[in-house]
Amino acid sequence: MNVKSISAAFICIFFLVSNRSAAQDGIKHDALHHTLYLSTQKNNIVFNIDYTDGCYINSLFVKQKNVLSPNGTYTGFSLTTSSYTSKKTWTQPTVQIKGNEVTIDKIKYGDAANNIIEKWTFHVLKDHINWTISRQYLSDIQVESISFPKWNFNNMSTWKGGIIDNGGMVWCKYLRGVNDTYGVHTGGALFWNDQSGDGLSIQAKELNDAFIATQYSYGEQGEFVSTQSVSHQPFEQLYRLDRFVRGKGNIFKPISIKKGEEVSVTFEIKYLDYFKNYDKGDLKDINATEVRELMNTTARYGVVDNNIVGGNGWLTNWKCLHEPFFAQIALGLADSNYTKNLAATLDQERDLAMNPDGRVLSRWHNESGDEMPGTYNFKTGYYEAMWGYTIDAQTGYVINTTDLFNLTGNLEWLKSHQESCKKALGWLIKRDSNHNSIFEMKNKNIKEHTSSDWLDIIWASFENAFVNAQMYEALKKWSECEKILGNRESSQYYGQVAERLKTAFNKPIEEGGFWDAGKKQYVYWRDDDGSIHGDNLVTPVQFMAIASGICDDQQRIQLILNQIEQRTTAERLFHWPLCFDSFKKDEAAGSNFPFHSYENGDIFPTWGYLGVPSYIKYDKTLALRYIKNLLDQYQKDGLSSQRYSRTTQQGLGSDVLAGISTSICALYSEIYGIQPQWNKFVLNPHLVPSLYGTRFNYWLRGINYKIQLDENNYIVSTDNYSVSYNKKFGISENNNELKFYPNNEENVSVSIRESTSKRIDLEAKDWNEENISFRLNNTGSYSFTIQGLQPQTTYYILDNKGKRKTSAYKNGTIKFKITSRNGVLINITKA
């Protein structure tokens with residue numbers, strides 16, 4: 001070992017074990033050996049920078065483990081036939097240290113005709129290091145690729161993956177060969193190791209109007225490589241619209257850069273305790289580890305890039321617009337980055353994937369070949385699928401928009417989608433040629449051999465029960481949005497259209513509806529000649545009818561789900577198959593036969609987004625069982641399949657569908673009862689005894705809600721208040737005022753205000769027409785407004801002042817004030 005190596009090893013050990021001197025300062029400069037050591041306060045991040053022959057980070061210790069390969073981290077650029085990096089510079093860089101700031105300047109490299117100069121500035125702070133890279137191009141250069149910088153991690157198992165700052169993720173196991181590359185138009189990621197819990201966060205800051213992109217690759221020496229690129233020009237795809245390529249190493253086009261152009265970026269590099277930051281809480285009878293990993297892998301994998309949040313994911317470069325569950329995944333993830341990206345995705349689809357007449361194109365793909373002739377847009381990637389007009393793209397757009405609005409509460413954003421949602425619904429509303437209030441597909445009968453919904457090689461035609469049930473949900477949700485936007489007449493219109501559809505839908509098949517009383521199920525579709533098809537107990541049709549609410553007949557729900565449960569149990573299936581009996585030969589493409597093939601009987605776990613809400617109306621214990629079954633399957637194979645064989649229950653299909661995660665999203669929305677609305681947080685649990693004692697945190701709109709679920713007692717608390725009740729409820733907070741909605745009734749509430757911003761802790765005891773009872777567990781002066789009472793009626797208020805009378809105003813409200821010492825019980829009854 002040479003002198004320099006001995007010195008470097010000694011100083012690294014010093015940083016990792018010492019609590020004094022240089023470790024406290026966070027900076028150590030070994031000028032003799034041209035080495036810098038930078039460390040955060042607890043040594044969770046330690047850099048070793050070598051500037052002998054150039055400048056690069058030759059080791060990066062994360063929680064005392066070096067995660068870099070010998071190639072380290074450096075900047076650079078590539079030309080057609082040559083590459084240059086900061087590891088080899090023209091002259092030795094200069095170093096200046098001032099307080100907690102280290103500046104390495106005059107990092108000049110390239111060749112005589114193509115060269116650049118850089119300055120690196122490091123700010124060493126308590127728990128992170130900021131690294132600013134500034135580059136000036138000293139000549140006109142046509143660059144093939146830009147490293148700004150390039151991180152060469154040890155190997156493909158250093159990290160399980162990286163959670164990207166657009167809500168997506170890179171999954172290292174899918175980078176299987178040298179130069180397999182996934183690229184996105186963003187610059188931040190949290191890399192995590194699911195065994196140690198160590199996390200390395202690298203987040204781009206201060207771009208100064210520049211564009212950033214990142215490529216994740218399988219390196220030529222077996223390394224996991226993350227390369228950020230920054231330019232004043234946008235990064236365009238090199239191969240069609242591909243975000244993922246195999247064996248090619250680079251996915252972005254070359255960029256022409258002018259002499260004198262300057263570009264800079266700052267990266268925040270930080271250690272994060274992955275287990276702590278993504279702690280799912282104390283989930284009784286649920287494997288919280290599997291929930292965490294499923295949501296951070298499969299659920300996020302559907303994000304292809306900025307503005308392309310989908311279900312098929314980046315391996316296949318696909319997104320189906322006819323899927324209505326992306327806002328449900330957003331609810332399950334509770335990640336503002338995913339939520340923002342989904343909003344941007346819906347903006348882009350509104351602008352680029354909707355025809356002037358309101359038709360929503362059904363798919364996005366990186367290349368042509370899957371489209372109806374003449375429909376593929378080579379610039380945007382949107383098109384009509386060759387299999388048929390999938391009409392659920394209309395309803396999927398509206399449902400995702402309304403559901404996302406309830407997560408964000410952004411009224412201005414909803415207004416920006418108002419006309420497009422009305423156009424999407426209007427396009428389908430017009431399709432009722434026989435005026436029976438059931439909306440019609442573009443294809444008329446099975447002879448056309450085309451599809452009309454998600455099941456793209458089943459020839460569902462004309463009057464499609466699946467699409468119409470989804471249309472009912474879209475109409476109801478949009479009706480509510482129009483009401484929120486103040487358009488009562490429009491709200492009533494969409495509500496009336498929905499109710500007419502509901503009536504027609506539920507009629508017996510003999511009267512033009514979809515209910516088959518003999519088989520105790522809803523049939524799938526009716527051709528234009530009146531013939532009935534899909535009476536083979538098609539699971540998504542039944543689930544869509546029940547989950548959407550178009551079927552709210554409890555007897556029918558029992559009849560349908562009794563059959564589904566008995567047959568699923570008899571076959572010992574971990575999840576529901578797509579259908580229980582075979583389609584007829586003329587109802588589907590030949591690849592669906594023999595029976596138990598693909599869309600004719602295989603298991604598609606994506607339908608959990610409908611199955612769990614349906615089962616909640618039937619048997620919540622069984623609903624929970626299917627969620628746990630899915631988690632067990634994730635533990636076995638990572639749910640890295642499109643579907644599962646009905647006979648072997650082994651994974652099939654090259655697509656990894658993010659929709660598989662929707663059963664876990666339903667754990668939060670349907671079992672734990674997290675059901676946000678645009679103006680309040682709503683809790684509506686459906687617990688079984690094994691879940692009592694569940695505790696977890698849920699982030700929404702920047703607020704951390706602490707959830708406690710016990711038998712007959714549900715508690716939500718934040719930094720400013722807590723509320724407990726034994727039934728569903730909603731809560732909102734605004735300017736020192738807490739508003740509690742018992743049973744989540746919009747026009748029934750109690751508002752509590754404390755002028756000095758003191759905490760509010762409310763225990764709701766009882767709330768009905770005869771008696772209102774709640775306890776305030778605080779000291780202070782509080783103002784109360786009770787809404788939803790009988791107008792101009794006398795009430796008694798019983799509190800620590802005794803019993804007194806008051807009268808409700810014409811709007812059904814009463815107001816009063818109370819000064820509390822160590823809490824007060826309040827009862828309100830009619831006089």
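Which helices each supply at least two residues of the lining of the largest pocket? Good morning, colleagues. The model is predicted, so local features need pLDDT of at least 70 and side-chain atom pairs count only at pLDDT 80 or more, while totals for chains, interfaces and linings use all residues. Residues are numbered from 1 along each chain as its sequence is written, and side-chain values use heavy atoms, with hydrogens and water left out.

I begin with the pockets. A pocket is an open set of points on a 1 Å grid over the protein atoms alone, where a 1.4 Å probe fits, with protein on both sides within 12 Å along at least five of seven lines; lining residues have an atom within 4 Å of a point. Volume is the space filled by probe spheres set on the points, which are joined across faces, edges and corners.

The largest pocket has a volume of about 1600 Å³. Its lining comprises 46 residues, with Asp403, Asn406, Lys477, Gln675 and Gln677 nearest the centre. To answer the opening question, the helices are α5 (326–333), α7 (392–408), α10 (465–484), α12 (539–548), α14 (608–616) and α16 (662–671). Helices (H or I, at least four residues) and strands (E, at least two) are DSSP runs, numbered from the N terminus. Of the lining, α10 gives the most, with 9 residues.

The second largest pocket holds about 840 Å³ of space. It is lined by 31 residues, and Asn277, Tyr278, Arg300, Ala334 and Trp699 are the closest to its centre. Strand β37 (residues 694–700) gives the most to this lining, with 4 residues.
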